[in-house]
Amino acid sequence: MFFLEEERIMIRHKKLGYVVLNVTNLDNSVDFYENIVGLQVVELKNTIAFLRCSSDHHNLILEQAGEAGLKRVAYELEKEDQFQGVFDYLTEKGLNPIELSAEETQSLAQGRTLRFKDPHMGVTYEYYVDMKQMDSPFVPKKAKITRFLHVVYETNKYEEMLDFFTNTLNFRVSDTSSDNKESSWAWLRAFPSPYHHDMAITKGAENKLNHLAYQAERVDDIGIQVNKLKNANVPILFGPGRHRPSSSVFLYFADPDRITLEYSQGMEEFPEEGARQPRELEPTPETIDEWGGTPEPDFGKFGKLITD
Ligand SMILES: CC(C)c1ccc(C(=O)O)c(O)c1O
Ligand SMILES: [Fe+2]
């Protein structure tokens with residue numbers, strides 16, 4: 001019997017590296033992401049700021065703009081020698097990737113870098129290798145964050161996005177939840193990155209950013225952050241609570257442009273081989289928060305996608 005080898009999807013992700021956010025007041029947002037979220041400023045140019053929460057040159061780029069929103073999402077590939085194969089694969093898939101010039105990658109302190117748009121929501125994605133590693137270790141603030149963890153979208157192209165990320169970009173579904181009417185959730189990981197989700201989608205009326213999440217080291221960091229937010233009059237949008245899908249303890253709050261941010265502690269991790277099967281979780285409020293909380297109206301409300 002002759003079997004066609006199932007098409008091997010090329011892309012192997014090291015991690016979700018960073019996002020680029022358009023912000024309406026760069027000074028305010030730099031101060032907020034440094035002193036409230038806990039990142040460290042690496043480089044400040046007149047309209048752009050690079051911040052980190054690891055040894056990377058950046059895990060967040062903030063750009064001064066007229067309107068706030070999510071401009072780009074960047075994943076690091078597992079190995080530098082995979083870059084050309086991924087570029088060729090994305091080209092074969094009709095995604096028209098472009099490779100940045102040496103001058104552009106140098107200004108980003110990255111190695112080879114490509115960009116393309118997802119065909120359903122029009123978000124710009126970036127695959128890169130060899131980001132500059134900083135000489136000094138990242139020093140977390142009192143509430144310790146350890147990594148940039150995930151991006152969550154609301155989308156009216158739910159099925160298309162689920163298909164695209166799993167069958168074209170080699171993401172794996174960790175869990176789903178759906179009432180088979182208007183509410184559906186899918187949590188996906190960028191294979192073989194181990195975290196329960198680097199990206200999640202929820203069915204909605206429009207295409208927008210729901211929130212960005214940072215990993216907190218300990219549950220204490222969630223508690224410390226609650227008091228830091230209260231003392232700074234930063235709106236808490238949901239939590240503390242516990243998510244059933246990833247088992248993480250969570251806390252959501254608003255950034256200066258009212259974009260929802262999350263601290264997440266204790267997220268489930270998956271092995272590359274022999275990972276558990278995805279679960280279809282009950283579409284109940286307890287799946288979202290086992291502690292019985294409910295989000296504020298502004299939770300996930302502001303998050304324009306910059307697709308031009
Ligand atoms: C988008 C929602 C509220 C959500 C649900 C579950 C998890 C998780 O299991 O980690 C999240 O991180 C979420 O943001
Ligand atoms: Fe989240």
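Q: Which residues is Gln225 in contact with, leaving aside its neighbours within four places in sequence?
A: With those neighbours set aside, Gln225 is in contact (heavy atoms within 4.5 Å) with Ile36, Ala143, Leu251, Phe253 and Tyr263. Keep in mind that this is a predicted model, in which local features need pLDDT of at least 70 and side-chain atom pairs count only at pLDDT 80 or more, while totals for chains, interfaces and linings use all residues. Residues are numbered from 1 along each chain as its sequence is written, chains are lettered from A and ligands numbered from 1 in the order in which they are written, and side-chain values use heavy atoms, with hydrogens and water left out.

Q: Where is Gln225 found, then?
A: Gln225 belongs to helix α5, which runs over residues 219–231. Helices (H or I, at least four residues) and strands (E, at least two) are DSSP runs numbered from the N terminus.

Q: And is Gln225 buried or exposed?
A: Gln225 is buried, since its relative accessible area comes to 0%. Buried means under 20% relative accessible area, exposed over 50%, and partly exposed in between (1.4 Å probe, protein chains only).

Q: Switching to the metal: which residues coordinate the iron ion (ligand 2)?
A: The iron ion (ligand 2) is coordinated by the NE2 atoms of His150 and His211 together with OE of Glu262, at 1.9 to 2.2 Å. Donors here are N, O and S atoms within 2.8 Å of the metal (3.2 Å for Na, K and Ca), and sites may look incomplete because water is not among the atoms.

Q: Are His150 and Glu262 buried or exposed?
A: Both His150 and Glu262 are buried.

Q: What does UniProt say about domains?
A: The UniProt record, an unreviewed entry, places the feature "domain: VOC" at residues 15–130 and 147–266. UniProt positions follow the numbering used here, feature names are shortened, and annotations may be inferred rather than shown by experiment.

Q: What do residues 15–130 look like by secondary structure?
A: Over residues 15–130 the chain is 24% helix and 39% strand, and its end C-alpha atoms are 12 Å apart. For residues 147–266 the figures are 19% helix and 48% strand, with the end C-alpha atoms lying 12 Å apart.

Q: Which residues of helix α4 are buried?
A: In helix α4 (residues 158–167) the buried residues are Tyr158, Met161, Leu162, Phe164, Phe165 and Thr166. These buried residues pack against β7 (113–117), β8 (124–128), β9, β10 (171–178), β11 and β12 (199–203).

Q: Which residues other than glycine have a positive phi?
A: Asp130 is one of them, with phi near 55°; Asp130 lies in the loop between β8 and β9 and is partly exposed, at a relative accessible area of 48%. Arg258 is also not a glycine and has a positive phi of about 70°; Arg258 lies in the loop between β15 (249–254) and β16 and is partly exposed as well, at 43%.

Q: Last one: is Gln106 buried or exposed?
A: Gln106, which is placed in helix α3 (residues 102–107), counts as exposed at 66% relative accessibility. The C-alpha atoms of Gln106 and Lys132 are separated by 9.6 Å, and the two residues are 26 residues apart along the chain.
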